[in-house]
Amino acid sequence: MSTQHREYEREQKKLDDTIAIIDSEITQLREDIREATDDYVKQVVNSKKSKDLRYLEDQGREKPYFGRVDFMKDEVYELDQVYIGKRGIVRGDTFDSVVVDWRAPIASLYYSGESKDAFYRMGREIVRGEVTLKRNFAIEQGKITGIYDGAVKETIHREMGDPDDFLQEGFIDEFLAANLNQANDSRLKDIVATIQSEQNDIIRAEKERPIVVQGVAGSGKTTIALHRLSYLIYNYQDSMMSKKFMVFAPNRMFLTYISDVLPELGVDDVQQSTFIDWAARLVKPLLPKGWRITSPDKPIQLFFEADQDEREQELTRNRLRFKGSLVCKEALEQYIRYVIETRIPFKKLSFQYNKTKQVFTIPGDFIRQSFLEQFAHLPYQRRLDSLRKHIKQEMNKQMFAHLRELKIDLDKQGLAKFEKMLETILETYMSSFPTLEAFASYRELITDIELLRKLVSPEIEDGVIVDVCESSNKLFAEERMEAEDIAPLLYLQHIIEGMSKAEHFDHTVIDEAQDLSALEIAVVSLATKSQSLTIVGDIAQGIHSYRGIHSWEELTQGIFQKLRPSYYTLSQSYRSTIEIMQCANEVLRQIDLPETVLAKPVLRHGEKPIMISPATRAKLWEDISQRVASYREEGFQTIAIVTKTIGASKKAYKGLQESIEGLTLLGSKDSQFPGGVTVMPAFLTKGLQFDVVLLLDVDTYDDNEWDAKLLYVAMTRPVHRLVMAHGEGTEPPLLLGMPNELYIKQ
Ligand SMILES: Nc1ncnc2c1ncn2[C@@H]1O[C@H](COP(=O)(O)OP(=O)(O)OP(=O)(O)O)[C@@H](O)[C@H]1O
C-alpha cells in the first residue's frame, strides 16, 4: 500500500516512462492535425486523432492507467504484464500497446477477481492462465500516491477465511474505499477503476440476449448499464452504432443527470428518452385527430395524495394493471385470432377462362391453411399481402397448366388481359378480408365487456373486466387516452402492421425497469435488434404499484422465456453509509417481497440518521433551514428536501424559499437537474443521489407495500447524511420497528 510500497520506485519509473511516451505522442498528434485538408478520409482520421489528443492532454497524461494485471498464460508460460486505463494508448511509431483499454478482452482479468484458473475471451477463443498480480494505483498529476495489491476476495480468503462472511457485514477493499470517500458530487461518474467482479460479469455479458438485473438501491445498476454501452461500442464497432443505442429512464431530469457520464465513457451520441415520450411519438399517428394523452402524473396523485376516493383507486388500479399485463398482451393476440375466425369467410375462389369456358377453383381450405399456417408468423396486413400473392401464383399455375394442355400460346395482349382479369378477381376476393386498423381494433376490444370476457383468460375476474371496459369507455368518450393505453396499442399495431425497421435500436438499456409494465417492456424489445437489452431495476423500489412489474419472472419466464435471458442479482450497495442503509433496510423488512434481499452496504461509516419532530410547521421550516445552512457550511453541495407528494413539495417550497437561498422546486416536467438545494416529491428522486436528504413527513407514509417502497426509495438517496422529520406526537408507522440505536433523536 501507499508510497512505501516495496515496488514504489519501479512503478513510479514505469509511470514516468509512460508519460514520456505520451508526451511524444501528444507532440506527434499536434503535428499531424495541424494541416488543413480537403481529403475526406484524412478529415475522418484527423477527427479521431483530435479526440485522442484531447484525451491525452486532459486526462491521459495525468493518469494514464489505474491498474495492472500480471497474467501467466497456461502451457506457453508467457507472462503478460498489462497496465489498464480509461482508454488504450498505442505508440504511433511502433504500434506497441502502452496502456490497455479497460474494455479490451484481457482487461477483464483485472476485474474478474479470480487468481488461479483465470481466463478471458478473445472472440471465440478462451485464453487460460493464472493472474499472478492485481495492482491498483492512485495517481495524482503523474505521481503515484498509493499502490494497493491483491484482488479483494482472494486476499481476504488467503488471510482471513471465507470472503462471503465479510461481505455479509459489508466489506470493501482499500482502493474502493479511497475512491468512495472522495468528495462526492451529485452526478454519476465512471467507475472503471473499481468495477467489482459481479458488476464486470454484467458489463461484459453476451450481447445478443436480454439480461435482467435485480440490484439493491445503490448497487450501481445505472452506472453498470452505461458502462455496458461503452463496452459494447468498443468491442462491436462493426455491428453496433452508439447512435442506435437507446437508454430509457424514469424521467427527463434523470436523463440529464446521467448524460454527463456518457461522454466520459466514450459514448456521447446515445439516444435517451422516457418510455412515454418515445412511445407517444410512435402512437400519435395512430390516433384520430384531436385525441390527447392524459398526464402520467394523474395516477401518482390518486395513489399518494391524502383523502382520495378508494373506489376510484381500485378502479384505476384494475384498469392500469390490466393494460400493462401479459394477460392483456395475450388478449390482443386472441383478438386477431377472433377476427380471423369470425370475420373472414375463407370462401373458395372460382374463375372462368372465357375462351375455353374452363372454370378454375382454389378451395377455401387451401386459402385458410395458407393464411393460418404458412403466413402465421407475419403481421396481419402483411399476411394479407402474402396471401394475395400466393393465391395469384396458384391461379397462374392452374391457368397455365390448362393452356399447356390445350397447347394454347397467349400473346402479349392475351397475357395482359389475363393479368388484368386476375387482379380484378383478386381485388374482389380480398375485399372479404377485413382491413384492421390498430386504434379502432383496440378501442373495440378494450371497451366491449362481452368481447373482452370471451378473449381474456378465465382467471381474470369479471369485476376487473367491467372496470377496464367501463372506465376506458368513459375516457375514450372524451377523446382522451392514458399513458397506459400506449403499449397495448403499439403492440396491436405490431401484430397488425409490424414495427417499422427505422425504429430499431442496436441495444437498449431500460433503467428502473420495475416501473414499466411487462407489456411496455415487450414493446421495447420489439424495437430492439436481436433482443440486445439490458434491463435493470429493483423490485423493492417499484413505486408504481398500478402499473409496474411485480416479479422479474414476468420477463424471464414470460416475455423472454424462449430467449435464454440471463438474470443477475446485486446485493452490495455503494452509495450510502452503513448507518443510512441500516435504517432504510428496516423499512424494507416491514414488507415481504419476492426476489429481493436487503442491501449490504460497503464498509463506509458516517453519522447516524437524525429524527426530528418539530411542534409546528413554522418550527419545521426554521429547523430545516438551519440544517441546510450548516450542511452547506460543511461543504455538501447537493441537498434534497423530499416530500411524499407533489402538493407537499409546493407547500414546503413556500415555507422555505425565503430562508434558503437558491432553493429550487422540482416537478415531473423539469428536465434539468440543477444541483444545489432542491425540494421535490419522493417519486422524482428515483435513480438520483444527493449528499444530504431531508425527508419530511415520514409519519404520512402508511403501513402498506407501496408507501414502504416509496419511503425506501427516498431513504436510499443520500450519500452522506439523512434527516427524517415527523409531526410532534406522531409515530411514523413504517419506522415503528426501527431500533432506537440506529438513529439519533434531536
Ligand atoms: N464498483 C463501484 N465502485 C465505486 N463506486 C461505485 C461502484 N458501483 C457503484 N458505485 C457508486 O454507487 C452509487 C450508486 O450507483 P447507481 O446510481 O448506479 O446505483 P443504482 O443501483 O442504479 O441505484 P438506485 O437503484 O438506488 O437508483 C454511485 O455513486 C456509483 O458511482
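Predicted model: local features only at pLDDT ≥ 70, side-chain atom pairs only at ≥ 80, totals over all residues.
Residues are numbered from 1 along each chain as its sequence is written.

The chain has 27 helices and 26 strands (DSSP runs numbered from the N terminus: H or I of at least four residues for helices, E of at least two for strands). Of its 746 residues, 41% are buried, meaning that 20 or more other C-beta atoms, placed from the backbone, lie within 10 Å of the residue's own.

Now look for the open sheet of six strands, which pair in parallel in the order β10-β9-β15-β16-β8-β17; pairing takes at least two DSSP bridges between two strands. β10 (271-273) and β17 (566-570) sit at the edges with a single partner strand each, so one side of each lacks a neighbour in the sheet. Five bridges tie β8 (residues 211-215) to β17, and V213 stands opposite Y568 in β17.

Then there's the ligand, with 25 residues around it, the closest being A217, G220, K221, T223 and Y574; to be near it, a residue needs its C-beta atom, placed from the backbone, within 6 Å. Helices α6 (174-180) and α8 (221-235) are the elements that each give two or more residues to this shell. By class, the shell holds seven nonpolar, 14 polar and four charged residues (Ala, Val, Leu, Ile, Met, Phe, Trp, Tyr, Cys and Pro count as nonpolar, Asp, Glu, Lys and Arg as charged, and the others, Gly among them, as polar).

Technical notes: Buried ≥ 20, exposed ≤ 12 C-beta atoms within 10 Å, placed from the backbone.
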